[in-house]
Amino acid sequence: MTAYRELEPKEFSAAFTEAIRHGIFMTTLGPDGPNTMYLNWGSIGYHWRRYCCTVYVRPSRYTAELLAKQPEFTLTLPNTPALREALRYCGRHSGRDGDKFAAAGLTPAAAPLGDVPVIAGDNLVHFVCRVLSVRATTPDELEPDIYDFFYAAEPENAHRAYLAEIRLAYSS
């Protein structure tokens, strides 16, 4: 494993907040290896005396299936056009159908903590996370216009909010 620099909360919060609007990699680990997806809904906060992130995943996604079996994930913030193109590929394809790492030209790299790898590359920001809470989106918890716009056509596939402790945030 290469050297890394641990990030301070102000640093990782700013990096996440800027990157999430354009999409980041969310990587989980399955029986056949790592799987990664395009993620662009999320936030950073402080809960239960821990720095956390909240990410949103639909229950139909392969990532949700993998998180149910191993509630850990990593996030990698893309920093090059090639990684952004790989991220777009990962947003259009399911890990159920094949190895997205290979198809997108990505290389997994061991994280300094946990079993779930990160995306290999230079000068990347990574988060190592562990799920603390999962919450389904229900009609009574949202403004009706939001629920109707995003979920009325497919209520069984409404996003789940995964509140996860940020165990480590670092740059490679």
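A: Cys53 is buried, with a relative accessible area of 0% (buried means under 20%, exposed over 50%, partly exposed in between, with a 1.4 Å probe and protein chains only). This is a predicted model, in which local features need pLDDT of at least 70, side-chain atom pairs count only at pLDDT 80 or more, and totals for chains, interfaces and linings use all residues. Residues are numbered from 1 along each chain as its sequence is written, and side-chain values use heavy atoms, with hydrogens and water left out.

Q: Is Cys129 buried or exposed?
A: Cys129 counts as buried, at 1% relative accessibility.

Q: How many disulfides does the structure hold?
A: The structure holds zero disulfides, a disulfide being a pair of cysteine sulfur atoms within 2.5 Å. For Cys53, the nearest cysteine sulfur is that of Cys129, 3.8 Å away.

Q: Changing topic, how many cavities of 30 Å³ or more are there?
A: The count is one. A cavity is a set of points, on a 1 Å grid over the protein atoms alone, where a 1.4 Å probe fits but cannot get out; lining residues have an atom within 4 Å of a point.

Q: How much space lies in the largest cavity?
A: About 40 Å³, where a volume is the space filled by probe spheres set on the points, and grid points are joined across faces, edges and corners.

Q: Which residues line the largest cavity?
A: Among them are Glu72, Phe73, Thr74, Cys129 and Arg167.

How values were computed
1 Å grid on protein atoms, 1.4 Å probe; cavity = no way out; pocket = protein on both sides within 12 Å on 5 of 7 lines; lining within 4 Å.
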